[in-house]
Amino acid sequence: MKFVIAGAGAVGAYIGALMARAGLDVTLFARGAQLRALAERGVRVVGADGEFAARPRVTGDLESVGPVDVILLAVKAHSLPGLAPRLACLLDPETSVVSLQNGVPWWFTHLERVDPGGKIAASIEPRRVIGGLVYFATEVEEPGVIRHMEGSRISIGEPDGSRSARCRAIAAALIASGLRCPVTTHIREEIWVKLLGNVAFNPISALTGATLARMTADPDVAALVRAVMSETEAVAAALGLHLPVSIEQRFAGATKIGEHKTSMLQDLEAGRPLELDSVVGTALELGERMGVAMPSTQAVYACVKLRAAVIHVLGSAKNSGV
């Protein structure tokens, strides 16, 4: 199978390094400093379990790759409307597209927060889509260097809950790379189980600068986390989804991860755009659609949105010498 990983950040470069080390046919699509570092030195992965280096193919030009069997979408959700129309050169009639974004993805239901004007849906036919969820913690330590902190699982599944040969084949390739990759028939419920934590911990970490361990240990913040989770759980129930994990189980799982910065906090500190609308905005959009009040979630969303805007303005002023 021929793979392209569209987005070679912390998640995409880590998966690509594992696949290349296993001898699989994989190309990373990257930009900027990351593209230059990967082209010159490859990927170096460092972590508690040691380190290794790999040299996957890397490109900044999707046209140069040609049709592939599988596209792993590892860019942040806010980058997808711009990227999706450019994927046409990678598609043949049987190409599968695996979404790995945080939050509620564009294919779950139409949401203006993640797919304004339906650009993504118009570029990627529903029959191509496979849902995916990442359950490991990585970060870009410097261009070309990925730090792996915890975890090794990716779950994938058909949006309609069916079992398919293509999911099994993709899972087999990821397992051969060293990842755990269960194929689920409940990908929609799994999305909301993960969202249950992300919708609370990610934005609150961006407001406070705290790790997961610090947030779960603080009684006042822990109460806010549970309030946001409870509102999100109510939206899932209104959608007819029965979550197999409770709020307390999800809270305990975050506590176990420990001193880890969420991806949203990492993005804020690096001056990158936040996945605020895909993670929090989508929950609010669906809450409004389903008539579920979400006052705690709305308050956190508004504060993070303003903080990100202020930091952007201050950063721009600083960079321009003002």
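In what sense do strand β6 and strand β7 pair, and over how many bridges? Strand β6 (residues 70-73) and strand β7 (residues 96-99) pair in the parallel sense, over 4 bridges. Within this pairing, Val 97 in β7 is the bridge partner of Ile 71.

The model is predicted: local features need pLDDT of at least 70, side-chain atom pairs count only at pLDDT 80 or more, and totals for chains, interfaces and linings use all residues. Residues are numbered from 1 along each chain as its sequence is written, and side-chain values use heavy atoms, with hydrogens and water left out.

**The seven-stranded sheet**

Helices (H or I, at least four residues) and strands (E, at least two) are DSSP runs, numbered from the N terminus. Two strands pair if DSSP finds at least two bridges between them. An open sheet of 7 strands has the order β5-β2-β1-β6-β7-β8-β11, with mixed pairing. Its edges are β5 (57-59) and β11; each has a single partner strand, so one side of each is left without a neighbour in the sheet. From one strand to the next, the twist averages 25°.

| Strands | Sense | Bridges |
|---|---|---|
| β1 (residues 2-6) and β2 | parallel | 5 bridges |
| β6 (residues 70-73) and β7 (residues 96-99) | parallel | 4 bridges |
| β8 (residues 129-134) and β11 | antiparallel | 4 bridges |
| β3 (residues 43-47) and β10 (residues 145-150) | parallel | 4 bridges |

Ala 6 has Phe 29 in β2 as its bridge partner, and Val 134 has Ile 154 in β11. Burial is stated here by relative accessible area: buried means under 20%, exposed over 50%, and partly exposed in between (1.4 Å probe, protein chains only). Strand β2 (residues 25-29) is mostly covered, with 4 of its 5 residues buried.

Axes are lines fitted to C-alpha atoms, for helices over the stretch in contact, and angles run from 0 to 180 degrees between N-to-C directions.

**The four-stranded sheet**

A further open sheet has 4 strands in the order β4-β3-β10-β9, again with mixed pairing. Strands β4 (50-54) and β9 (137-142) stand at its edges with a single partner strand each, so one side of each is left without a neighbour in the sheet. The twist from one strand to the next averages 25°. Val 46 stands opposite Arg 147 in β10.

**Helix packing around α6**

Helix α6 (residues 187-208) and helix α11 (residues 276-290) pack at an angle of about 110°, with their axes 9 Å apart. The two are therefore roughly perpendicular to each other, a term that covers 65 to 115 degrees. Residues Trp 192, Leu 195, Asn 198, Val 199 and Pro 203 in α6 meet Leu 276, Val 279, Val 280, Ala 283 and Leu 286 in α11.

The packing of α6 with α8 has an angle of about 145°, with the axes 9 Å apart. On the α6 side the contacts include Trp 192, Leu 195 and Phe 201, and on the α8 side Val 221, Met 229 and Ala 236.

Ala 236 belongs to helix α8 (residues 219-238). With 0% relative accessibility, Ala 236 counts as buried. Not counting residues up to four places away in sequence, Ala 236 touches Trp 192, Leu 241 and Leu 243. Ala 236 and Asp 220 are 16 residues apart in sequence and 25 Å apart in space, C-alpha to C-alpha.

**Helix α10 and the cysteines**

In helix α10 (residues 263-270), Met 264, Leu 265, Gln 266, Asp 267 and Leu 268 are buried. Gly 271, with a positive phi near 75°, follows α10.

The structure holds 0 disulfides, a disulfide being a pair of cysteine sulfur atoms within 2.5 Å. The closest cysteine sulfur to that of Cys 181 is in Cys 167, at 8.4 Å, too far for a bond. Cys 181 is buried, with a relative accessible area of 6%, whereas Cys 303, at 44% relative accessibility, counts as partly exposed.

How values were computed:
Contact = heavy atoms within 4.5 Å. Parallel < 35°, antiparallel > 145°, perpendicular 65-115°, else oblique.
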